[in-house]
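Here is a short briefing on one protein chain. Look at the sequence and structure first, then read the points below.

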Amino acid sequence: MSFASQAHIALPYRILFLYIEPFAAFFGTYINLFQPEPYLLSLSPTATYSSLTYPIYAQLAGHNLLFSWLQAVLLRSTSSVRVWKIVLFGILMCDVLHLYGSYVVLGAEAFFDPSTWRWEEWVTFVMTYGPGLLRAAFCLEIGVTQTRTTKGS
């Protein structure tokens, strides 16, 4: 006999991870493919765009498309907490690196002082911190109800 964990995924998690974030990630795919210069300037206001770096944006678009697919398709296909945690922890690791990149560009003083943020930083940080905290909460199983079912082997 083996045991499988099934879960009731709380509505706020389902709304964010199955609808809002896949849409946002898909939008990120579009921006990186078709508007890489404004995207770069939103992250680093003093950077200079070069078409020679376009392959990086195409790769980043692929990364966003993968996130969109994982959340819109894979997470919808299962109620396994283990699978959800694996996917969401992977995305959480990317969140940490995304914030680290912003920290490097902005410096500690500006990074930790919201009064200095442009609207682009507000969007970046709200769209990273908020979902990132919910990802961490899910990985810690806060608000996750699991039931164990027995399966014959």
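A contact means heavy atoms within 4.5 Å. With that rule, serine 68 touches Pro22, Ala25, Phe26 and Val73, leaving aside residues up to four places away in sequence. This is a predicted model, where local features need pLDDT of at least 70 and side-chain atom pairs count only at pLDDT 80 or more, while totals for chains, interfaces and linings use all residues. Residues are numbered from 1 along each chain as its sequence is written, and side-chain values use heavy atoms, with hydrogens and water left out.

**Overall build**

- The chain has 5 helices and 2 strands. Helices (H or I, at least four residues) and strands (E, at least two) are DSSP runs, numbered from the N terminus.
- From the N terminus on, the order of elements is β-α-α-α-α-α-β.
- The C-alpha trace spans about 60 × 30 × 20 Å along its principal axes.
- The chain has 153 residues, and 35% of them count as buried. Buried means under 20% relative accessible area, exposed means over 50%, and partly exposed lies in between (1.4 Å probe, protein chains only).
- Among contacts with a separation of 6 or more, 73% are between residues 24 or more positions apart.
- Accessible areas come from the Shrake-Rupley method with a 1.4 Å probe; for residues, only the protein chains shown count as cover.

**Salt bridges**

- Side chains of opposite charge can pair when their charged atoms come close.
- A salt bridge is a side-chain nitrogen of Lys or Arg within 4 Å of a carboxyl oxygen of Asp or Glu. By this rule, the count is 5 salt bridges.
- Glutamate 141 pairs with lysine 85, and their closest N and O atoms are 2.9 Å apart. This pair links distant parts of the chain: glutamate 141 sits in the loop between α5 (119-139) and β2 (145-151), lysine 85 sits in helix α4 (residues 81-111), and the two are 56 residues apart.
- Glutamate 141 is partly exposed, at 30% relative accessible area. Lysine 85 is partly exposed too, at 25%.
- Aspartate 95 and arginine 135 also form a salt bridge (2.8 Å, N to O). Here helix α4 supplies aspartate 95 and helix α5 supplies arginine 135, 40 residues apart. Both of these residues are buried.
- Glutamate 120 bridges to arginine 118, with 3.4 Å between the closest N and O atoms. Shared partners join Glu21, Asp95 and Arg135 into one salt-bridge network.
- Glutamate 120 counts as buried, at 16% relative accessibility. Arginine 118 counts as partly exposed, at 26%.

**Helix α5**

- α5 has 21 residues and reaches 30 Å from first C-alpha to last, close to the 30 Å expected at 1.5 Å a residue. The expected span is 1.5 Å times one less than the number of residues in the helix.
- Its buried residues include Glu120, Thr124, Thr128, Arg135 and Phe138.
- What do the buried residues of α5 pack against? They pack against α1 (11-34), α2 (36-43), α3 (54-74) and α4.
- Just after α5, glutamate 141 takes a positive phi of about 65°.

**Nonpolar core**

- A nonpolar core is a set of buried Ala, Val, Leu, Ile, Met, Phe, Trp, Tyr and Cys residues joined through side-chain atoms within 4.5 Å.
- The largest core has 18 residues, and those with the most contacts inside it are Tyr13, Phe17, Leu75, Trp84, Leu88 and Phe138. α1, α4 and α5 each supply at least two residues of this core.
- Tyrosine 13 touches Leu134, Ala137 and Phe138, among others, not counting residues up to four places away in sequence.

**Nonpolar surface patch**

- Patches are made of residues with over 30% relative accessible area and no salt bridge; like charges are joined within 9 Å, and nonpolar side chains (Val, Leu, Ile, Met, Phe, Trp, Tyr) within 5 Å.
- Leu11, Ile15, Tyr19, Ile20, Trp119, Val123 and Met127 form a nonpolar patch on the surface, with about 730 Å² of accessible area together.
- α1 gives the largest share of the patch, 4 residues.
- Valine 123 is found in helix α5 and is partly exposed, at 44% relative accessible area.

**Back to serine 68**

- Serine 68 lies in helix α3. At 9% relative accessibility, serine 68 counts as buried.
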